[in-house]
Amino acid sequence: MMKDHTTTRMIKDKAFRVIVIFLACFAMLPLLLILYYITRNGIAVINWEFLTQLPRPIGEAGGGVFNAVIGTGMLIILSSILAIPFGITTGIYLSERSEGKIANIVRLCVVVLQGTPSIVIGIIAYIWVVAPFQSFSAISGGVALSTMMLPVIIKSTEETLKLMPYHLKEASLALGVPYYKTILKVILPTGLSGILTGILLSVARITGETAPLLFTAFGNQFMNWNLFKPIDSLPYRIFYYAMSPYPEWHTFAWGASFILVVVVLGFNLIARGVAVKWKVQF
Amino acid sequence: MESTVLKVDNFSAYFGDNQVLKNINLETSTNLVTALMGPSGCGKTTLIRCVNRMHELIPGTSVTGNMYLKDLDVYAMEPIVLRRKIGMVFQKPNPFPMMSIYDNVVAGYKLNGIRLKKDEFDNIVERSLKGSALWDEVKDSLQKKGTFLSGGQQQRLCIARALAMNPEILLLDEPTSALDPKSTSAIEELIVELKKTVTMLLVTHNIAQAARVSDYTAFIYLGELVEFGPTEKMFTVPKDKRTEEYLTGKFG
Amino acid sequence: MLEEKMIALRKELIESATLVEGMIDKSITGLMRKDSILLTEVIEKDEPKANDSEISIEELCTTMIAQYEPRAKDLRTILMVMKMNNDLERVGDHAVNIAECSLFLIERPSLKPLLDIPRMAEESVGMLKDAIEAFIREDALLAAMVCERDNIVDNLGQQILRELITFMGADPTTIERSMRLLNIARNLERIGDLSTNISEDVIFMVEGRVIKHHRDQEGG
């Protein structure tokens, strides 16, 4: 009797394990399929010309996505400049105040912001920046994207700083270091890995955002270094090429998608590397 | 001639409405170790934290009475100025993990923006690490991070960091509670050695430790200073019945 | 911490022993040379010093036990030092008795040339010196040898008793002086016994073995 019981249990255990592994592999399937398709279709297009040349009008062969790559880079820089200072300071504020009316309101806003659809954010940026200046611009794109970065940076900064052990603060304060300096010179540097990870993850997120850019940065056939004018970006270019009726442009879309996936994957992997390698042991 | 370094005068402390220290009166003299002993929750940690006003980090605390560091009124000073004159070592060793051993020792200067020449810093580092009996073990790896040291070494690093500021008094809040027996006895020997040049106030829940290293002992129970006197006398002929009971293990 | 105090304790005990040994030497020398100044020194200068030393050592032992929770050999050492301290104080008292009896005797004509008393003194003081030496060197063997010499001192004492009984029987006027001499002999015998005690304490300190009251011989 006892033996039967044990056998049944062992079978159940094995079955459970097999099912879990199977489901895990199944869950990875979409990712693997995406990577496979994009690589298969996109990698053929990648060459030096593709990366360094501007798009040609239809009819002409060749061309590239140089402006889109540069544009994405500029948008990343712009939105980071806007989002990082506000994000980190808000994160510091929230980590210091675990209770309090204002803190709770701020937290609520962060949650709401995180759940706001990206296209709505794009429309808001349009109303704020595009309409008053009567022009699509890189800056408006930066504003939209930075708004999307904020919740991630705020949350990760808050969580990282909350994890900082209290005795670190004590050590600094006992040396006669003022509170604000303790935060700036001791706590922040110690939590740098976590904060940096948050920033990199938020960058990875916005690199591929398309909807907000439709109303703000708008896209540009040509190379544009002027922040007050529309600017191209990889997601936008992919959208533009993919929606077109021309097969050649479709292949370009695959190529641009490949670049985009590599970039986003790259940011994610770097973020992970930073989190592991730079993590400070107390 | 002994002179008074710290004078605690009719001092009481409150957490909200709860009185945790009741009219404490004691004095610590130069280059001696005064131990605060008592059962958990008696108020000894609160008392030591009131000396450098670290208790003010907890909201809702208030105090009455006075404390004097040499001639200065502790509660009339700026806390920051006060804390630079007092060194503190905590229960859990807490070197700054992002800094090298060298930078840890002079952290009190660097974090406060006090600029000195490189030679002067070098001297301070050597003097402080020698003072905390850590110099020989780390002199060749001063640029390494402080967290690579063992627990006992980290604690000695924290002591060096405190000594670097030339404090008027060194506060030790259960400095060996988190250490293994070998490190504990190394720190105790260090304290006995440091006595020659540094005045110390030590909180310990280990009666035997208070007996071994201190010159004067204060027994605190339920927020009251039950007895205060030379350690030799207190451990052989305590005056108060409660002290006698605590020492013979009847409670605590 | 404890080590330093142990070194200081041993030093104090050795100094105390040296003082007491000196007291015996002075008393006997004072008797032999009829030197009343020497004898008075023992009574008036040396004894107070010995008493102070006893109190000081006792206090030191008490605080060491209270503060340092000594164990094993350290504990045995401190406890035995306390006992030896007591015994040394008594040896000092005996030396004082000898000095007092001597003061009486030197003012009167001597009964006989003193041979046995000095021999007995030499033997007792030798035992004491060796016992202390055994303590210093932590030498249990030397200490054991001291215990065995107690017989020699006792026999000498018996000899002196017989001789003096003869004197007293022959001439009643010698009784007072004889009694004093006998007293001195008794004191020297007691010094021998106390030296044996000290040696037994040394053996316990070094080896943890109890040999007093002939425990050893009973196979226990």
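Modeller: C:Asn51 counts as partly exposed, because it has 13 C-beta neighbours inside 10 Å, and a residue is called buried if 20 or more other C-beta atoms lie within 10 Å of its own, exposed if 12 or fewer, and partly exposed in between, with the C-beta atoms placed from the backbone. This is a predicted model, in which local features need pLDDT of at least 70 and side-chain atom pairs count only at pLDDT 80 or more, while totals for chains, interfaces and linings use all residues. Residues are numbered from 1 along each chain as its sequence is written, and chains are lettered from A and ligands numbered from 1 in the order in which they are written.

Colleague: Why is C:Lys34 called partly exposed?

Modeller: C:Lys34 has 13 other C-beta atoms within 10 Å, and therefore it is partly exposed. The residue is found in the loop between α1 (2-33) and α2 (36-68) of chain C, and its phi is positive, about 55 degrees, although it is not a glycine.

Colleague: What makes B:Asn31 partly exposed, and what is its phi?

Modeller: Because 15 other C-beta atoms lie within 10 Å of B:Asn31, it is partly exposed. Its phi is near 55 degrees, a positive value in a residue other than glycine, and its place is in the loop between β2 (18-29) and β3 (33-37) of chain B.

Colleague: How many residues of chain B are in contact with chain A, and what makes two residues count as being in contact?

Modeller: Two residues are in contact if their C-beta atoms, placed from the backbone, lie within 7 Å, and 18 residues of chain B are in contact with 19 residues of chain A. α2 (79-85) and α4 (107-110) of chain B each supply at least two residues of that side of chain B, and its largest share, 3 residues, comes from α2(B).

Colleague: What does the contact between chains B and C take from each chain?

Modeller: It takes 9 residues from chain B and 7 residues from chain C, and α10(B) gives the most to the side of chain B that touches chain C, with 4 residues.
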